[in-house]
Amino acid sequence: MFNCIQHNLNYSWRLLMTALAFSLFSIGGLCLSVFIFPWLNILPTHNGLRKKIARRCIQRTFKIFVNFMCVSGIMSLTVKGIDSLKNAKGVLVLANHPTLIDVVVIISYMPFANCVVKSKLWDNFFLGGVVRAAGYIRNDDSSEMLINDCKNSLHKDEPLVIFPEGTRSVKGQELRFLRGAAHIALASQVPIVPVILHCDPPTLSKAERWYHIPSHRFHFSLEVKSVVTISTLVRDTTTSLASRRLTEALTHYFNYALAEEKVQNEYT
């Protein structure tokens, strides 16, 4: 009886804190857009200072959000190899996409990261001003323009975060990567930093709303793998088949890493 009451209280608390967390996230985005970022217009644009300050503000705000979720008991978090993200410059950061908060957790460790953002967020009442101030890359441009924008960002020594699946993973299924990330990698010829994300129990997935919380606090893990180069994944990068082969190699790499982590978790 006591355990049942305790469980219900814990569930109710986490549901309340989850609602508060996402409410504060939206309100925080609106406050940045209205009260902070307009002041950046007085700064020059040619040296990218506006974007750097905006991205730094976003990184710190995301860090506060992640810390709140941990302190309030919504989630626990472990990270491994995180210094590779903190100090990243001009690398393509590729990650799997199990939850709604993946980009938030990753960028909370990356002060000046760029990323590709869904076009609908540019007109979002709460977050539109944030993505515009940061100068993130819209994904509704033509493929050629999108690849060129990503290439230019990487060649400016900006780390670029991409989710090769294009959307959140489907629970219980192997990852399926689109070719976009491979096209960007081949065009820019920069090193790739793989990031393996895992959420247990699964939550905030594509088919779930924010209020579909698990029966207990979920654990989120982020592991930054060793840098890989395109030449280690595919032999010939000049043929028309290069993007398909690189996509297959990346898909295999991530699926293998996730399977390996699952086995390790079962024995710990």
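Leaving aside neighbours within four places in sequence, Glu-165 is in contact (heavy atoms within 4.5 Å) with Asn-96, His-97, Leu-175, Arg-176, Phe-177 and Leu-178. The structure is a predicted model, in which local features need pLDDT of at least 70, side-chain atom pairs count only at pLDDT 80 or more, and totals for chains, interfaces and linings use all residues. Residues are numbered from 1 along each chain as its sequence is written, and side-chain values use heavy atoms, with hydrogens and water left out.

Glu-165 is placed in the loop between β5 (160–162) and α7 (180–188); helices (H or I, at least four residues) and strands (E, at least two) are DSSP runs, numbered from the N terminus. A polar atom of the Glu-165 side chain lies 2.8 Å from the backbone nitrogen of His-97. Glu-165 is buried but has no salt bridge, and the nearest side chain of opposite charge, Arg-176, is 9.0 Å away. Here buried means under 20% relative accessible area, exposed over 50%, and partly exposed in between (1.4 Å probe, protein chains only). Lys and Arg count as positive and Asp and Glu as negative, while His and the chain ends are not counted. A salt bridge is a side-chain nitrogen of Lys or Arg within 4 Å of a carboxyl oxygen of Asp or Glu.

By this rule the count comes to five salt bridges. One of them joins the side chains of Lys-51 and Glu-158 (3.8 Å, N to O). Lys-51 lies in helix α2 (residues 49–71) and Glu-158 in the loop between α6 and β5, so the pair ties together parts that are 107 residues apart in sequence. Glu-158 also forms a salt bridge with Arg-55, with the closest N and O atoms 3.4 Å apart. Since Arg-55 is in helix α2, this pair ties together parts that are 103 residues apart in sequence.

Helix α6 (residues 143–155) has 13 residues and reaches 18 Å from its first C-alpha to its last, close to the 18 Å expected at 1.5 Å a residue, where the expected span is 1.5 Å times one less than the number of residues. Its buried residues are Leu-146, Cys-150, Ser-153 and Leu-154. These cover an arc of only 100° around the axis, which puts them on the same side of α6; the arc is that of the directions from the helix axis to the C-beta atoms. The buried residues of α6 pack against β2 (92–95), β3 (114–117), β4 (137–138), β5 and α7. α6 is followed by Asp-157, whose phi is positive, near 70°.

Notes
A polar contact is a pair of N or O atoms within 3.5 Å; within protein, one must be able to donate a hydrogen and the other to accept it, and residues adjacent in sequence count only if both atoms are side-chain atoms.
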